[in-house]
Amino acid sequence: MRLENLSSQRMQITDNLDKLLTIFPDSIRTKIEKHPHKESLIEVILDLGRPPEIRFANDVAYLRTEPVSKAEIQHCIDRVGMFSADNRAGIERTLHRISAIRNRTGEIIGLTCRIGRAIFGTIVMIRDLVETGQSILLLGRPGVGKTTALREIARVLADDFNKRVVIIDTSNEIAGDGDIPHPAIGRARRMQVARPELQHQVMIEAVENHMPEVIVIDEIGTELEAMAARTIAERGVQLVGTAHGNTIENLIKNPTLSDLIGGIQAVTLGDDEARRRRSQKTVLERKAPPTFAIAIEMLARQQWVVHEDVAATVDLFLRGVEPAAQVRTVDENGEVTITEEQPQPSQSPALTSKRSTVVTPLRPQGLRASGKMTPVKSVATPRSVDPEFETMLAASWQTREPDGSKVRSPGPNGEDLPVYVYPYGIGRSQLEQVIEVLDLPVALTKDLDNADAVIALRSQVKHHSKLRQMAKHKHLPIYTIKSNTIPQITRSLRQLLDLDDPNLPEPTDLRLFTQAGSDDEIEALEEARLAVEQIVIPKGQPVELLPRSAKVRKMQHELIEHYRLHSNSFGEEPNRRLRIYPA
């Protein structure tokens, strides 16, 4: 154990509790004002038909026995700001948050009034880490003080270190309600977010338009936001943010947010490496450098666990080893105590289930060890093999047609496979890509006499009467597509094989739309897929993607077309990007 006095400054608290009390009816406000512990109040709960309730850190109490009426709830609603899309409102130039509970018709029937406090000096435990300029991720349960710490970090970086700090304030929790931010953020600037699902776009906008040195983000909760955070970090901007999760292990198990700590992937080892590690051939490993170099698990307001090297911590977790924990605590005088805890074997079943460690028992156990059980000799029964029969059986599965040009195999329903297709006016490489990725029983042929069907570009067939006549004479169906794109080729081939069921979703394999299969292409296509499946289709809202090159934008356009949606490119290079529209 070692002691460090990083600051002798005592914490100062500003809560503007009097402004919050003005929204309550007199019968509730007077009881709160007279309560002996009102300075430590955390929440005031008003639920229709129930007594009003006040909550402290370790206690809950009713203010009175009479239930809350509709008139009292409406009295509070009339005195706060507008409720946003996430059912949150505030009081201008304060940090208080009022959250609404609605019934099925949209009427507000409950209020959670959370007291917001600006606590100056709350980051004394990690001030040395903030000075490093590395990106910091805060984790912890609700109510442990993550947002308070973010606010103080933003103020210290802006005022004490003279950095350009921009806060992405999705719910106005960091800098308060209203257009003028709360003084608790110091010289830091605040960007508000119109709707929570647009947070990732505002993050990118902040970097492109306002030249920040530090971006502060509260509640990173979606894959799009995690991808935007990685993009910002790769541009050399310091990130300070919070995420949904209590510990780093929570993020490892969370596929949505695991990219914040580098992402997790399954890797197949060679025989020698698996033997050296004494593990299975398939193990979990970190995919990339973490977005955040430092992670802090906030166990309590005065007790934080610091991971100064997130990459090393994640690697140890994936190997089944509990990393050394650096626990920092602070007392009332600002004295910081730093304790290094010894590492222990990881007990996480979710991680160890995918790893294998060779465990040798100390001594034999069970009936065999006691001498009461004897092994039974195994008697092998050799199977007689008739080479001639095996050859005939193998040959029976593949039959060559009389003219000797096509080899067939029976399909699951007795049909002859593969289907031989004659392409006309369509890129052969694209056809081969679709057939390979989707593993379709289709073979391409350059001879119309050997074809079972023709797939052609519609504009080409219109002006080629000879092809139509030959196909009619040979009784070959012609499948036409409007444009030479992957989605239309895929639909045409599936229709040819009777796999095009409108009631079933089409397969979305991103490899269909890539050219080089590089990480940049896959990342861009994954961003478009997430935007479509998480926002555009379920919420019916348009989405803007991150800027990409013309080649990558073309792949994204094809992927959007696969979902039968419309998209267009806008903006000037190098910031030209896609906008996806709902159907």
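Which residues touch the most other members of the largest nonpolar core? In this predicted model, the answer is Leu493 and Ile580, out of the 40 residues that make up that core. Helix α18, covering residues 519–539, supplies the largest share of this core, namely 7 residues. If we stay with isoleucine 580 and set aside its neighbours within four places in sequence, its contacts include Ala528, Ala531, Val532 and Val536, and among the others are Pro542, Val543, Ile560 and His566. Another core lies apart from this one, with 36 residues, among them Leu139, Ile215, Ala229 and Leu239.

Let me turn now to the sheet. It is an open sheet of 6 strands, paired antiparallel, in the order β5-β4-β3-β8-β7-β6. At its edges stand β5 (60–62) and β6 (88–90), and each has a single partner strand, so one side of each is left without a neighbour in the sheet. From one strand to the next, the twist averages 20 degrees. Inside that order, strand β7 (residues 97–102) and strand β8 (residues 108–114) run antiparallel and are joined by 6 bridges, with arginine 102 standing opposite isoleucine 108 in β8. Helix α3, residues 70–77, lies across β3 (43–47) and β8, and runs at about 55 degrees to β8.

Finally, I would like to look at one arginine. Arginine 277 belongs to helix α9, residues 271–277, and is partly exposed, because its relative accessible area is 31%, which falls between the 20% limit for buried and the 50% limit for exposed. Not counting residues up to four places away in sequence, arginine 277 touches Leu269, Val283 and Glu285. Arginine 319 is 42 residues from arginine 277 in sequence, and the two are 9.7 Å apart in space, C-alpha to C-alpha.

Conventions. Residues numbered from 1 in each chain as written. Predicted model: local features only at pLDDT ≥ 70, side-chain atom pairs only at ≥ 80, totals over all residues. Heavy atoms only, no water. Core = buried A, V, L, I, M, F, W, Y, C linked by side-chain atoms within 4.5 Å. Buried < 20%, exposed > 50% of the residue type's maximum accessible area, 1.4 Å probe, protein only. Helix = DSSP H or I, 4+ residues; strand = E, 2+ residues; numbered from the N terminus. Contact = heavy atoms within 4.5 Å. Pairing = 2+ DSSP bridges. Axes fitted to C-alpha atoms, helices over the stretch in contact; angles between N-to-C directions.
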